[in-house]
Structures are given as structure tokens and as C-alpha cells.
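Student: Before we start, please show me the model. I will ask what lies behind each label.

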Amino acid sequence: MPNPFHMAWFLQGSSVQAWGEPWTGNISEEWMSPELFLDLARSMERACFDYMLIEDSIYIGQNWENSRDLFLKSGMSVPRQEPSVVASLMAAATRHLGIVPTLSTFAYAPYLTARIVGTLDQVSGGRAGWNVVTGSSDYSAQNFGMDKLPDHDVRYVMADEYVSIVRQLWGSWEPGAFIADHKTGVLIDPAKVHTIDFEGKYYRCRGPLNSGPCPQGQPVIAQAGGSEIGKAFAAKHADTIVAAPVGIANMKRYREDIRTQMVAHGRNPDDCKVLFLLSPIVAETEDMARWHAEQRAVAAAKTTDLKLARLGWVTNIDFSGHDLDAPVEELTTNGHQSSLTNFIQRAGKNTLREAIIAHSSAGYCVDVVGTPDSVAGQMGEIMQEVGGDGFLIALGDVSRRSVATITDGLVPALQQRGLVRKAYEHQHLRDNLLAFEH
């Protein structure tokens with residue numbers, strides 16, 4: 001019997017990303033309301049997920065024919081609301097689920113990030129995290145007064161300083177600083193609150209953090225380290241990692257690499273949980289599940305321009321001028337390098353048309369298709385082979401119907417096999433993540 005593993009949810013896209021799909025209700029008319037996302041958070045908590053990661057971008061795509069038209073017409077990652085606001089509402093709607101918004105290092109000052117996430121940790125009772133991203137699109141940089149983003153590897157060097165500031169700000173309040181002594185009239189012990197006086201190459205910060213101490217001490221840091229420098233950064237800083245290597249062998253190799261690098265940084269590798277992206281197709285019968293899987297490929301074949309635009313949005317490449325029926329050529333990017341690498345690896349010698357259909361209909365790391373029980377069995381076997389630590393579920397839409405296939409279909413089957421928790425063991429997100437050592 002495999003050890004229990006962790007489960008989290010990757011909330012990608014906007015509230016209207018599924019508006020053209022069946023069973024989505026009136027989300028296109030009600031997109032400003034948070035209820036869809038709050039229902040999702042409540043469902044994740046009922047299923048005892050560790051956390052929900054709220055993905056973000058801060059621009060409207062223009063990576064198809066150098067135009068925003070396709071992105072706006074299809075509602076591709078637009079409109080998007082400020083993740084820290086959505087996170088606060090989710091925290092208020094739940095009691096145990098970890099809430100992890102994405103805050104970009106180029107768009108938020110380090111002090112602001114420390115304050116937002118620290119406050120979220122306070123109001124949630126110790127359930128906050130921060131998904132660190134360095135940005136991938138020059139369009140986003142231009143929204144903040146820059147011509148373009150720094151080079152990919154430079155962004156990670158800058159982020160190393162940035163995270164150091166945030167961590168020091170969270171630590172600027174010693175344990176026991178808040179004393180509230182009514183006899184002496186002292187609320188806070190001044191000797192236990194410190195400036196940080198950080199002077200780096202890219203950032204400066206005085207401190208201390210004025211919002212006060214965090215219940216977790218240090219809120220959880222999430223990171224998606226796919227490139228070599230990204231993996232090194234994640235091994236140094238992350239408490240949980242979003243990973244998307246293709247195939248079980250690569251998943252296992254990725255986790256072993258991260259754990260080896262953590263040891264080199266003097267960290268206990270069990271202190272960081274690597275969660276692999278998965279988009280399972282779950283249905284009442286095997287035939288129905290296979291039909292749904294086939295429909296992914298059918299839909300991708302009918303909408304290759306949308307799928308390529310989506311890939312271009314992630315990788316910062318405009319594919320509109322590429323020959324669909326020629327083999328995938330050599331590609332480079334200053335955007336998400338791991339996403340491009342995974343696409344190229346999966347493409348092989350196929351044409352761009354064939355490659356994008358296969359890429360869009362794949363289930364991220366591995367394809368998992370079947371009934372709740374058979375999918376649960378497949379996931380258990382994958383984790384046993386990889387060695388841990390769990391899965392980050394990401395569906396193509398966030399309709400209540402598709403979510404229910406996971407929370408009300410798959411999760412009970414996983415629980416019956418003893419593969420995931422049936423109840424939360426701890427109040428704080430960090431403590432729940434430290435369960436299930438492998």
C-alpha cells in the first residue's frame with residue numbers, strides 16, 4: 001500500500017474560462033461575483049485538499065497575430081481579478097484549506113508582498129502561502145513602466161534577493177513580541193521587533209513589517225521551478241513545488257534532483273512537497289471516460305489557433321506565422337522555459353498541428369483516465385513509482401460539474417484506498433504539508 005499523498009488545486013484562468021463549455025451555468029453573466037470560486041474553495045476543503053493555488057497574470061494576451069482580439073473574444077485568461085482579494089474571500093469562506101495566491105516579483109514591491117501574505121496568514125489563522133513567479137511576458141512588464149522583463153536567469157537572481165527580504169520581514173517580529181500586558185500598558189515589546197536593513201544589488205528594504213507577526217512564523221512559499229535555475233531556486237526557497245515533467249520517469253528524476261539540491265542547501269528534503277500537475281478524466285464508466293478523453297483531442301483539432309495562442313501566451317511566442325504542417329522547429333523563449341521544453345519534448349518529430357493537438361489533449365505529466373476507482377488506483381501506482389509527494393489538480397474548466405467529478409467522485413475513492421486524508425490534522429498549512437513523509 002503506497003503512503004498517503006498530498007492533493008492541491010491549481011486554479012488557472014479566470015472566472016469565465018469555461019463560459020463556452022456545457023454545464024457552466026451563467027458564469028459569463030455573473031463573472032464579477034466570487035461565488036463560483038468560493039464554492040470551489042469550499043469543495044476543496046470538503047475534500048481535504050492541502051491548498052488552492054491561485055494562478056495569475058497581469059496583462060491581456062497579444063501573442064497571436066500581434067493582436068488582443070482572439071484573447072478577448074475567447075475570454076482567454078481575461079478578465080482576471082486581483083488574486084490577493086480573491087484569496088481573502090476564500091480564506092473567509094473556509095477554515096482549514098490553505099490559500100496560496102500568486103504575486104509577481106516584478107509587479108509587487110517585496111515589502112508589499114510580505115505585508116499582503118502576512119496579513120492573509122493572520123486573517124486565515126495560519127493558512128496562507130505565496131506562489132513566487134518572476135513573470136514571463138514583456139506585455140506585463142510594460143504595464144508597470146518597463147520596456148521588457150529582464151532575461152530569464154537574471155529574473156531568478158533578482159528573485160533570490162526578493163525572497164530573502166520577504167522572509168526577513170516575516171521574521172522581523174520575534175516570537176513573544178506581542179505581549180498585551182494590561183498592568184504595564186505595553187502591547188508590543190520593542191526589543192523583539194527589528195529593522196532588517198537589507199542592501200542588495202537589486203533591492204533595498206529597511207523594515208520592520210508593520211502588519212505584525214504571522215501565525216505560521218513564515219507563510220508557505222510555493223514555486224514552479226522547471227528550468228535549471230528555476231529548480232535551483234525552488235530547492236533553496238520553496239516549501240511546495242508545482243512540477244510538470246512529462247512521464248513517470250521524468251517525474252521521478254525531477255523529484256530526486258530537487259531533493260538532492262535541497263540537501264546541498266542544508267535543507268531536509270522532506271520539508272518541501274513536490275506536487276505534480278495532473279488533469280484526470282473521471283467518469284461513471286471506462287467507456288465514458290475514454291469518450292471524454294477523445295473529445296479533448298477532437299476539440300483541440302477544431303481550435304488549433306486557440307490552443308496555439310494559449311501556448312504562446314504561456315511561452316511568450318507568437319505561433320500565428322508558423323507552418324502548421326511543418327515539424328516543430330527550434331524554439332527559444334524568455335518566458336516559461338519549462339512549458340516550452342515540455343511541448344518540444346512531447347512534439348518529437350510531429351508537425352506543429354499534430355503537436356499542439358497532442359499537447360492540448362494531454363493530462364500534463366501523465367494521462368489518467370477512468371472511473372473513480374480505476375483513476376485512484378492509477379494515481380496510487382504513479383506515486384509509488386515516483387516516490388511522492390502528491391498531485392496538483394488542474395482541469396480545463398472550473399464548472400461545478402467538472403469539479404464534482406474530482407471532489408465527489410475521485411476523492412472518496414482515494415480515501416477508501418487510504419491514499420489521501422479524510423480530515424485535516426492541523427490548523428496551519430505548513431503543518432498539514434509536513435504530513436506523509438516518504
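Student: Which residues is Phe 391 in contact with, leaving aside neighbours within four places in sequence?

Tutor: Phe 391 is in contact with Phe 5, His 6, Met 7, Ala 8, Leu 275, Phe 276, Leu 278, Met 379, Ile 382 and Met 383. Contact means heavy atoms within 4.5 Å. One caution: this is a predicted model, where local features need pLDDT of at least 70 and side-chain atom pairs count only at pLDDT 80 or more, while totals for chains, interfaces and linings use all residues. Residues are numbered from 1 along each chain as its sequence is written, and side-chain values use heavy atoms, without hydrogens or water.

Student: What makes a set of residues a nonpolar core, and how many residues does the largest one have?

Tutor: The set must consist of buried Ala, Val, Leu, Ile, Met, Phe, Trp, Tyr and Cys residues, joined through side-chain atoms within 4.5 Å. The largest core has 88 residues. Phe 391 is among those with the most contacts inside it, as are Trp 9, Phe 49, Met 90, Trp 130, Phe 276 and Met 379. H6 gives the largest share, nine residues. Another core, of 22 residues, lies apart; it includes Phe 71, Met 76, Val 314 and Ala 355. In soluble globular proteins, nonpolar side chains tend to be buried together.

Student: Why is Tyr 162 called buried?

Tutor: Buried means under 20% relative accessible area, exposed means over 50%, and partly exposed is in between (1.4 Å probe, protein chains only). Tyr 162 is at 0%, so it is buried. It sits in helix H6, residues 152-170; helices (H or I, at least four residues) and strands (E, at least two) are DSSP runs numbered from the N terminus.

Student: Is Ser 279 buried or exposed, and how do you know?

Tutor: Its relative accessible area is 6%, so Ser 279 is buried. Its place is the loop between strands S11 (273-278) and S12 (281-282). Its side chain makes a polar contact with the side chain of Arg 296 at 2.6 Å. A polar atom of that Ser 279 side chain also lies 3.1 Å from the backbone oxygen of Ala 394.

Student: Why is Ala 180 called partly exposed?

Tutor: At 36% relative accessible area, Ala 180 falls in the in-between class, so the label is partly exposed. Ala 180 lies in strand S5, residues 178-181. Its phi is near 45°, a positive value in a residue other than glycine.

Student: What is the value for Asn 316?

Tutor: Asn 316 has 23% relative accessibility, so it counts as partly exposed. Its phi, near 70°, is positive too. The residue lies in the loop between helices H10 (304-315) and H11 (337-347).

Terms used:
Polar contact = N/O pair within 3.5 Å; in protein donor to acceptor, adjacent residues only side chain to side chain.
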